[in-house]
Amino acid sequence: MYKSLVMDRTAVATLESALIDIEWFDKYTIPDNSEDIRVVIRDSTVYILSNDADVNSRFLVVNLTENGVFRGSESKKRYFERILRVALHCFDRNVSLPIQWQAYHDGSRLSIYAESIRSDDQNRIYFDQNAGERGNLYAYAVTKGPQQLFLVNPDMVLYNEAVRWIDDAIYSEDVEQPPVGNLGILLSERIGTYIGGSTTLEQWLNNRLNTQQLKFVEKPHSAPVRLRGAAGTGKTQAMLVKCLKDMYDDESQLNTKTFAFLTHSSALAHEVVRGMLYSLDPSGRWQTLRTAGGETKIWIGTIYELAQQHLNYARKGVTPLAVDGREGREYQRILIDSSLKRILNNPHIVHGVLASEAEFLARLKNEESRPALIEEIMNEFACTLDAENIHKGSEAAEAYLRGRREKWQMDLPTADQRKTILEIHDVYRSLLKQERFLSMDQMIADYGRYLHSHEWEQLRDRDGFDVIFVDEYHYFNRVEAMTLHELFKSRAKESGGWPLFMAYDLKQSVNDAGLGGGFERFRNPGVGKSVEVELTENYRSTPQITRFLQDFDAAFPSADLEGEYNTFIAHSRGKDGEIPTLKIYDTNYELIDRVFEAAVDKARRIGGRRVAVLCLVDHLFDRYRDAGRISGKFVSIISRDDLKELQFARSRCVFSMPEYVAGLQFDTVYLIHADRTDLASDGFSPGARRRYINRIYLGASRAQETLYLVSSRERGGPSEVLSGPLENKTIVEV
Ligand SMILES: Nc1ncnc2c1ncn2[C@@H]1O[C@H](COP(=O)(O)OP(=O)(O)OP(=O)(O)O)[C@@H](O)[C@H]1O
């Protein structure tokens, strides 16, 4: 019924974190308790305006007609979410666009994918970022499949009609009263606001931070600092307090420094980090700050997004393959499986290279242990070959064949075995190429080269940063970590080193990315010798859950990882709660039925986004997600980029795997399938064992109040790693 929608920046930011249902798109109304934003209608345009809007503001204009952005779309909600994010990106410059959206620029025109790359239709949404030549963002069309930007032209008559009444709407007193009934919108908090609570920056600095956190926050910008601490010790919190404090301090002085806050996941940056910043300063002032020279003061996002900004891949028609989500990994697994099969049919390998490697060949051929083997190979590709830019025929390959291997790496004692892995890798790369996919590691390798180019040498003092914070440093592989110091402006170096602040907990990493390049890169991350600050008090979990985590700690291998791996878990600062429990069911079906019954019951009482069922086994996770018996009971998070789904949980619980909810916390966690079978199988190397234990630790440490571990007799009963805690009664069987 309306032809266009017009919103100012603050209204966009408010709606971007709101829960919007499909009904909202019938009327575009806002609840009347929202003090900051209001709706005004003029002709056939809806204006959603905040108190900040004035004639000089920049506006988002959306074409709602039949030829507009929702044309034929079943998923207006998702399209609209993306449009809002593009608007924030365009207005603030410090909000990045996830690389999976494949943003493509041409002059002021921009297009992105309208939906997840998992969806079949390849619709793209089109924008003009300088509509009417006054910096407005006009979302004007959608096409099936990508088209040349200059061929998709905006309807400017509609645009002019939409902006004609802006001034009038801003000063208008006649605000639309919302009808009674379901408006389809709930103005809600970001996920990070829930983690950060309602404590402001000042309160944190005056009386909340503990001594160690304060010590970290007060560190000067003259050397890199590494912040180590177990899960829930307040690493992210301390990093954000420091980031905001340093930014505001600089603003009140010379106001020259620019800051970057990097994480490994785009959604974590956008939902959690920004939400926590909003908690620290609800005015949101930090996001529009500029330096005296007019530069955006803070940039928040992933290193991939920075790489994409600089390399502009979308223009070149190649798609980076994201592997930290379930689908990306599954796809990678299929490619590795095909590559392996091809190699096993290659007589040159089977009868030549592996002629005297009967045992290894049998391992490659064994179909039963294939999934575990593929897992190992995937880790070898990501954390050694791709991370170090090693491939068949390259110079580095020679060193790979003969070099010494670290204990954490896949067990490949002979050159012939490694040669075979290189061959599999080579086939895998050609399969990727056929699909015009680029792995993230290849993208970062290219980015590393770009950062050494003359072009960057010219641009770094304009586009680089003075201070860089890196959360989740344990997810950064060696090559990614090496790009960090190239991102500084050249003036950032003070006497001792560069201001790089990194937080990590190697035990939370479910792959070995953080181990590549040895521990030296933590102590000296290429920008000078780092100073260590260790956090030891757990603020997330109850004393009972913390005691279980301490006990479980003994299951980790130690010694060989030079102290960086070990984090000390001291006591909890939380209130007392129940002792974590272990539940054992006879069959997988019984397990899943009972767990979801209980989880949904709890979700109804305390809210779905506070209850999580986390599965430890990939194939079971996939199977259950499609199982009719629990459908409708959960929202699933199958990649780190799905975090927004949490907001739609309501009375359903969250269903995911530990690695996709890293950085988050839940009141209640059911950690399912901590079964004996997994560690008992032959295919498990020491590395795979460590990663498995990391996964349990990561999952269990998401719980604040209540933790259940759940096993199935069908898969051998409780995992052996639980025997210590069971003996010490830090977990009790019920
Ligand atoms: N000094 C403190 N006093 C009270 N609460 C705190 C303190 N420090 C952190 N917290 C709270 O503890 C919770 C966990 O903090 P945070 O997410 O920063 O931990 P983390 O070390 O980054 O955890 P993880 O590594 O598991 O992601 C948050 O709710 C945070 O606000």
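## Domains

The domain bounds used here come from an automatic or database domain assignment. The model itself is predicted. The assignment gives domain 1 (4-186), domain 2 (191-314 + 447-535), domain 3 (319-435) and domain 4 (543-733).

## Where domain 2 meets domain 4

Taken over C-alpha atoms, the centres of domain 2 and domain 4 are 29 Å apart. Contact between the two involves 25 residues of domain 2 and 23 residues of domain 4. On the side of domain 2 that touches domain 4, at least two residues each are supplied by helix H6, strand E11 (225-229) and helix H10 (266-280). Helix H10 gives the most to that side, with 5 residues. By class, the residues on the side of domain 2 that touches domain 4 are 11 nonpolar, 8 polar and 6 charged.

## Nonpolar cores

In soluble globular proteins, nonpolar side chains tend to be buried together. In this model, the largest nonpolar core has 147 residues. Those with the most contacts inside it are Leu227, Ile468, Val613, Cys653, Tyr670, Leu671 and Ala700. Helix H10 gives the most to this core, with 9 residues.

Which residues does Tyr670 contact, leaving aside its neighbours within four places in sequence? They are Val595, Ala599, Val613, Leu614, Tyr708 and Val710. A second, separate core has 61 residues, including Leu5, Val39, Leu88 and Tyr104.

## Surroundings of the ligand

The ligand is surrounded by 21 residues, of which the closest are Ala231, Gly234, Lys235, Gln237 and Tyr539. Two elements give two or more residues to this shell: helix H6 (191-196) and helix H9 (235-252). Helix H9 provides the largest share, 3 residues. By class, the shell has 4 nonpolar, 13 polar and 4 charged residues.

## The annotated binding site

An unreviewed UniProt entry places the feature "binding site" at Gly229, Ala230, Ala231, Gly232, Thr233, Gly234, Lys235 and Thr236. Among these positions, Ala230 lies in the loop between E11 and H9, and Gly232 is found in the loop between E11 and H9 as well.

Are these two residues buried or exposed? Ala230 counts as buried because it has 26 C-beta neighbours inside 10 Å, where 20 or more are required. Gly232 is buried too, since 26 other C-beta atoms lie within 10 Å. Not counting residues up to four places away in sequence, Gly232 touches Asn538, Tyr539, Arg540, Ser541 and Ser701.

Definitions and conventions:
Residues are numbered from 1 along each chain as its sequence is written. This is a predicted model: local features need pLDDT of at least 70, side-chain atom pairs count only at pLDDT 80 or more; totals for chains, interfaces and linings use all residues. A residue is near a molecule or strand if its C-beta atom, placed from the backbone, lies within 6 Å of it. Helices (H or I, at least four residues) and strands (E, at least two) are DSSP runs, numbered from the N terminus. Ala, Val, Leu, Ile, Met, Phe, Trp, Tyr, Cys and Pro count as nonpolar, Asp, Glu, Lys and Arg as charged, and the others, Gly among them, as polar. Two residues are in contact if their C-beta atoms, placed from the backbone, lie within 7 Å. A nonpolar core is a set of buried Ala, Val, Leu, Ile, Met, Phe, Trp, Tyr and Cys residues joined through C-beta atoms within 7 Å. A residue is buried if 20 or more other C-beta atoms lie within 10 Å of its own, exposed if 12 or fewer, and partly exposed in between; C-beta atoms are placed from the backbone. UniProt positions are given in the numbering used here, feature names are shortened, and annotations may be inferred rather than shown by experiment.
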